[in-house]
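Open the structure in your viewer and keep the selection tool ready. We will go stop by stop.

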Protein chains: 2
Amino acid sequence: MENKIRIVLVEPRHEGNVGSVARVMKNFGQNDLALVRPCKLKDLAFAMAVHSSDVLQSAKVFESVEDAIRGSHTVVGTTAKSSGETEFVRKPAVTPGNLKKMIKGNTSILFGREDFGLSREELKRCDIVVTIPADEDYPTMNISHAVTVVLYELMDTKKVGVNQSFSMRSIEVGVDPMAAREDRERLLSHCERVLTQIQYPPHRMERTLVMLRRIFAKANLTKYEVSMLRGILRKTEWKIRAKK
Amino acid sequence: MENKIRIVLVEPRHEGNVGSVARVMKNFGQNDLALVRPCKLKDLAFAMAVHSSDVLQSAKVFESVEDAIRGSHTVVGTTAKSSGETEFVRKPAVTPGNLKKMIKGNTSILFGREDFGLSREELKRCDIVVTIPADEDYPTMNISHAVTVVLYELMDTKKVGVNQSFSMRSIEVGVDPMAAREDRERLLSHCERVLTQIQYPPHRMERTLVMLRRIFAKANLTKYEVSMLRGILRKTEWKIRAKK
């Protein structure tokens, strides 16, 4: 399976940034740019894009993040803030260097607004959250700089001039077929149902489901594993019902 | 010996780029910016610098590269073009990833003009020439993106935490502590207990426990995740017992 990368900018406000992102995408051999409710792209965007106006021109515009990530197997969020006790939507923080081995299949990578990044709800939706290590005095990077770091890491830069590696053939863990995104979503809904049945504290439900989503993504579940896990959940439900 | 990094921009023409460079320097804990015959720095430079105007304001202006690199132990040049047969001034091309272990002491890193980079004479003067691997269709990066890649690599992002040798203050991703092997073992025993309680088919027990072990390993569970998962198992047990 070949991984395809889509760069998704959520509500970019400055057209120059969008142009800069297009440029670095082309530098790193990428061309799938998606824009969610973007600013207008005028002269400055094209000036900053320099020789990557094709990337800019073919950028797809969407009304929602959900539309922009449709068809993606893995959804990656990026954030400047490191995870704290209460910041469960940012857990676990993954470094750009570790991202490459974690992604599988078509991958959308979300970059947030210039002023406040991705929202809590948007981050919750992400399978993987990447945090770029930066100085704590001023960790907020320009969007195009953040895209630079992430794409640079996804390119196997340890080898010189290897752009081939950019097709990024996935590291095969085995012959088992990987679970589709919908399989994982159904597994998560099933988990939620069981958690409700065991009277899991409602105030912890949200963070627990986010944590499970992240664990399942990190584990790159196979179809077999999803079906086995759902078997366990089914048996748990039976046991609970049987005792009623 | 502590290494000190100086970023030297040679004849930058666009003040926005200079501001962007200042920003990413501060993001990566650097503040020594030298400008050789730069353009005027006005509003746009400061707008792009955002919260790094201190770096911009304290930038030193020089009339020549020689003046800008005075006192440096190592001079590094950057170039988009990889080394070709006749391009001896670019040989050997070093990747950003290899730069770190090659530099010693005070180091000036030169970035060239937006349109034609560093001159042949300037490159000749460099002790090390770094080439950022990029797509051969469009390898020329924006200056601030090139600075981003180089500083990102010098930060040693593979390890979380401080990179003392570059006098960067603690750079934290806020990565959660990983679960120890014993934590995972206890989680597995706990799973086995619950599987027994839900009357999971004994002939499937062994393969299911192996599968769970593999999932937990693939997911690289954190301590937080292990403790949350065990919380779910505990609540499942309570629910089952409560119904007896």
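**Stop 1**

Select strands β5 and β7 (residues 128–131) of chain A: they run parallel and are joined by two bridges. Remember as you look that this is a predicted model. Now pick Val94(A). Which residue of β7(A) stands opposite Val94(A)? Val130(A) does.

**Stop 2: the whole sheet**

Strands of a sheet pair through backbone hydrogen bonds, parallel or antiparallel.

**Stop 3: a helix across the strands**

**Stop 4: two helices in chain A**

Two packed helices are described by the angle between their axes and the distance between the axes. Select α8 (residues 181–197) and α9 (residues 202–218) of chain A. Their axes come within 10 Å and cross at roughly 145 degrees. The crossing of α8(A) with α9(A) is right-handed. Show the side chains at the contact. From α8(A) come Arg184(A), Leu187(A), Leu188(A), Cys191(A), Glu192(A) and Leu195(A). From α9(A) come Met205(A), Thr208(A), Leu209(A), Leu212(A), Arg213(A) and Phe216(A). Sort the residues of this α8(A)–α9(A) contact by class: eight are nonpolar, one is polar and three are charged.

**Stop 5: over to chain B**

Select α8 (residues 181–197) and α9 (residues 202–218) of chain B. They pack at about 145 degrees, with their axes 10 Å apart. Is the crossing of α8(B) and α9(B) left-handed or right-handed? It is right-handed. Among the residues that meet here are Leu188(B) in α8(B) and Leu209(B) in α9(B). The contact of α8(B) with α9(B) divides into eight nonpolar, one polar and three charged residues.

**Stop 6: check the confidence**

Colour chain A by pLDDT. The average is 86, and 87% of the residues score at least 70. Now select residues 157–174 of chain A, where the pLDDT is below 50. This stretch has 33 contacts in the model beyond near neighbours in sequence. Where pLDDT is low, predicted coordinates should not be read in detail. For the complex, the predictor gives an ipTM of 0.74 and a pTM of 0.78.

Key. Residues numbered from 1 in each chain as written. Chains lettered and ligands numbered in written order. Predicted model: local features only at pLDDT ≥ 70, side-chain atom pairs only at ≥ 80, totals over all residues. Axes fitted to C-alpha atoms, helices over the stretch in contact; angles between N-to-C directions. Helix = DSSP H or I, 4+ residues; strand = E, 2+ residues; numbered from the N terminus. Left-handed = near helix turned anticlockwise from the far one by under 90°. Contact = placed C-beta atoms within 7 Å. Nonpolar A, V, L, I, M, F, W, Y, C, P; charged D, E, K, R; others polar. Pairing = 2+ DSSP bridges. pLDDT = per-residue confidence, 0-100.
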